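This briefing covers the strand order, the packing and selected residues of one structure. The sequence and the coordinates are shown first, and the notes follow by topic.

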Amino acid sequence: MLMDRQNSTLLVVDVQERLLPAIADGEAVLANGVWLVGVARRLGVPVVISEQYPEGLGRTAGPLLAAAGGASIVTKTHFSCVSDGCLAGTSADMRRQVVVVGTEAHVCVLQTVLELCWQGKEVFVVADAVGSRKPADKEVALARMRRHGVDIVTREMVAFEWLQRSATAEFREINRDFIRDN
């Protein structure tokens, strides 16, 4: 199945100030998350941001908050957004497809993604926009998610599937602002 922007939500899981420095390739995870949030906003795809215990782990990283504009921000204490119930009433709850980025791949992302699948959602995890403290944990988490029917994708796969066609002014704009030279 292809990602369809009319049916998708971008879910950003726990990309937080105090956690991000410990994430392997954390700068790339953040940059790719900011990139996808920008594409989503430009294409009208709603964005939901979760924060795991922000009193301890800090708020969402500043560049993501700046890129996200008026995104829904939910807080949680369960590792899974689904178990916590914090997605209730958000676009992630109401739309069929959830595209997921964030940290940590083997904890909050994994648990959220598996439970979204069990709810019957079509779930896509963006490999170049998720991370863990240890690369091996990310690798095993992606393999486990794949075994459970999750599609593992890249940021450009998301953008091109949301765009669907090249012969539009919208494609030229996204290509110029996000794809070329990025």
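In this predicted model, Val12 is in contact with Val37, Val47, Val48, Ile49, Ser50, Leu64 and Val101, apart from its neighbours within four places in sequence. Val12 is also one of the residues with the most contacts inside the largest nonpolar core, together with Leu10 and Trp162. The points below set these residues in the context of the sheet and the helices.

**Nonpolar cores**
- The largest nonpolar core has 34 residues.
- Two or more residues of this core come from each of strand 1, helix 1, strand 2, helix 3 (62-68), strand 4, strand 5, helix 8 and helix 9.
- Helix 1 gives the largest share of this core, seven residues.
- There is a second, separate core of 28 residues, and Val13, Val107, Leu116 and Val125 are among them.
- In soluble globular proteins, nonpolar side chains tend to be buried together.

- Six strands make up an open sheet with parallel pairing, in the order 3-2-1-4-5-6.
- Strand 3 (72-76) and strand 6 are the edge strands, each pairing on one side only.
- From one strand to the next, the twist averages 25°.
- Strand 5 and strand 6 run parallel and are joined by three bridges; Asp151 in strand 6 is the bridge partner of Phe124.

**Strand 1**
- All six of the six residues of strand 1 (residues 8-13) are buried, so the strand is largely enclosed by the rest of the structure.
- In a regular strand the side chains alternate between the two faces of the sheet.
- In strand 1 both faces are covered, with Ser8, Leu10 and Val12 buried on one side and Thr9, Leu11 and Val13 buried on the other.
- Strand 1 is joined by six bridges to strand 4 (residues 97-103), and the two run parallel; Ser8 stands opposite Gln97 of strand 4.
- Four bridges link strand 1 with strand 2 (residues 47-52), again in parallel, and Val13 stands opposite Ser50 of strand 2.
- A right-handed β-α-β unit is made by strand 1, helix 1 (residues 26-43) and strand 2.

**Helix packing**
- The axes of helix 1 and helix 8 come within 10 Å and cross at roughly 5°. Because angles under 35 degrees count as roughly parallel, helix 1 is roughly parallel to helix 8.
- Helix 1 contributes Asn32, Trp35, Leu36, Val39, Ala40 and Leu43 to this contact, and helix 8 contributes Arg155, Glu156, Val158, Ala159, Trp162 and Leu163.
- In helix 8 (residues 155-163), the buried residues are Arg155, Val158, Ala159, Glu161, Trp162 and Leu163.
- Their cover includes strand 1, helix 1, strand 4, strand 5 (122-131), strand 6 (151-153) and helix 9 (169-179).
- Helix 8 lies across strand 1, strand 4, strand 5 and strand 6, at about 140° to strand 5.
- Helix 6 (residues 105-118) lies across strand 1, strand 2, strand 3, strand 4 and strand 5, and runs at about 170° to strand 4.

**Cys86**
- Cys86 lies in the loop between helix 4 (81-84) and helix 5 (91-94).
- Its relative accessibility is 11%, so Cys86 counts as buried.
- Apart from neighbours within four places in sequence, the contacts of Cys86 are Val74, Thr75, Lys76 and Cys81.
- Between the C-alpha atoms of Cys86 and Ile152 the distance is 24 Å, and the two residues are 66 residues apart in sequence.

How values were computed
Residues numbered from 1 in each chain as written. Predicted model: local features only at pLDDT ≥ 70, side-chain atom pairs only at ≥ 80, totals over all residues. Heavy atoms only, no water. Buried < 20%, exposed > 50% of the residue type's maximum accessible area, 1.4 Å probe, protein only. Contact = heavy atoms within 4.5 Å. Pairing = 2+ DSSP bridges. Right-handed = clockwise from strand over helix to strand, strands pointing away. Core = buried A, V, L, I, M, F, W, Y, C linked by side-chain atoms within 4.5 Å. Axes fitted to C-alpha atoms, helices over the stretch in contact; angles between N-to-C directions. Parallel < 35°, antiparallel > 145°, perpendicular 65-115°, else oblique.
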